[in-house]
Amino acid sequence: MVRTEESRRLAEDLLRILVVAAAYYVTGRIGLMQEVVLQGATVTPLWLPTGIAVSCLLWWGPRIWPGIAIGAFFLVETITGFSLKPVDTVIVAANTLAPLCAWLLLRRVGFRVELDRLRDGVALVFLGGLLPMLLSSTVGVCVLAFTGNLAWSAFGPVWAAWWAGDTMGVLVGTPLLLVLRRARPPWDMSRWPEAAALAVTACVVVPVATRSPLALLFLVFPLLTWAALRFQLAGAAPCALLVSVLAISAANHRIGPFSDHSLFEVMVTLQALNGSAALTALLLAAIVTEQQSVKQKIEQAVRDLTEVVEHLAPRRNG
């Protein structure tokens, strides 16, 4: 019986490892379609594999780390043409350790995957994204510089782009995946028209904001505010992803607000927009969700108190 249970757990772990590796690799290949060559190094403004890795660690724990390593290995080798260099192993190790560090830090502060508290949103930003992704970006760029594949004069811009891309993968990808895992059909039919209106508005506003030659990028923030206030993370996370994807596409094609600028200026504008959009969506949604949770607890306490008073009232009358 014990062996059967152990075999079942082993099979589940192996399946999860394969799922993580496949998801990491596929999202990485998609990310490479939007790659940018900066100072001779290939970087991506949005590296969703980091969001995949952090989300899977939060769901299933550290036992799935081989899946992250496998996915990272095949991605690195795809970029280098399967040269199997020792430096590739270092980069794979850093890309594996960074999400593990994020998981450890989030677990340390009692992070909840429901993202129903402001502290959870803040923890995901700093302890899940900004801080641990320093590891992968710093190690990766140092390896390129030490091996002569990157000039030391280009260290700063490439490092910043690498770090921002990995961090954005967590800030955009992880909230969306956490929402999708617990998503349930919205049986409240009264909210469907507003959800449809939000979707249509997003499909109109975001392309206009990211592709218009006018400076209209600010238009995405009322949209994100609407999504967060009315639908919390379930509405804000997809909108933030849409903003990020369309902004990256516009930046790569140098159209709209990203035209007539140097590559460095484009990257700064793009990452500023993506970071601001992700933070607005995540933190505002967490605040609204926490307030609603407190309101529900207060209402439940009032109902319980009312029942107690009604139960005691007949005794006093008697």
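This is a short walk through one predicted model, from the overall fold down to a few single residues.

Let me start with the whole chain. The protein has 318 residues, and 43% of them count as buried. It holds 10 helices and two strands. Now contacts. Take pairs of residues at least 6 apart in sequence: 74% of those contacts join residues at least 24 apart.

Next, the annotation. An unreviewed UniProt entry places the feature "transmembrane region" at residues 14-32, 38-60, 67-84, 90-110, 122-147, 159-180, 229-251 and 263-288. I looked at two of these stretches in the model. Over residues 122-147, the chain is 88% helix and 0% strand. The end C-alpha atoms of that stretch sit 37 Å apart. Over residues 263-288, the chain is 100% helix, again with 0% strand. There too, the end C-alpha atoms are 37 Å apart.

Now a helix pair. Helix α4 covers residues 86-108, and helix α6 covers residues 133-146. Their axes are 7 Å apart, at an angle of about 170°. Angles over 145 degrees count as roughly antiparallel, so α4 is roughly antiparallel to α6. Which residues meet? From α4 we have V87, V90, I91, A94, N95, L97, A98, P99 and C101. From α6 we have M133, L135, S136, V139, G140 and V143. That contact divides into 12 nonpolar residues, three polar and no charged.

Stay with S136 for a moment. This serine is in α6. Is S136 buried or exposed? Its relative accessible area is 1%, so S136 is buried. The side chain of S136 reaches the backbone oxygen of M133 at 3.2 Å. Leaving out neighbours within four places in sequence, S136 is in contact with A94, N95, A98, W162 and D166.

T50 is found in helix α2, residues 48-60. T50 has 4% relative accessibility, so T50 counts as buried. Which backbone oxygens lie by its side chain? One belongs to W47, and the T50 side chain reaches it at 2.8 Å. Another belongs to D166, and that oxygen lies 2.8 Å from a polar atom of the T50 side chain. Setting aside residues up to four places away in sequence, T50 touches M133, D166, G169 and V170.

Last topic: backbone angles. Most residues other than glycine have a negative phi. Two residues here go the other way. Q232 has a positive phi of about 55°, and Q232 is not a glycine. Q232 is placed in helix α9, residues 220-252. At 13% relative accessibility, Q232 counts as buried. D260 is not a glycine either, and its phi is positive at about 60°. Where does D260 lie? D260 sits in the loop between α9 and α10, with α10 at 263-317. At 78% relative accessibility, D260 counts as exposed. So we have a positive phi at a buried residue in a helix, Q232, and another at an exposed residue in a loop, D260.

Technical notes
Residues numbered from 1 in each chain as written. Predicted model: local features only at pLDDT ≥ 70, side-chain atom pairs only at ≥ 80, totals over all residues. Heavy atoms only, no water. Axes fitted to C-alpha atoms, helices over the stretch in contact; angles between N-to-C directions. Helix = DSSP H or I, 4+ residues; strand = E, 2+ residues; numbered from the N terminus. Parallel < 35°, antiparallel > 145°, perpendicular 65-115°, else oblique. Contact = heavy atoms within 4.5 Å. Nonpolar A, V, L, I, M, F, W, Y, C, P; charged D, E, K, R; others polar. UniProt positions renumbered as here; feature names shortened; annotations may be inferred. Buried < 20%, exposed > 50% of the residue type's maximum accessible area, 1.4 Å probe, protein only. Polar contact = N/O pair within 3.5 Å; in protein donor to acceptor, adjacent residues only side chain to side chain.
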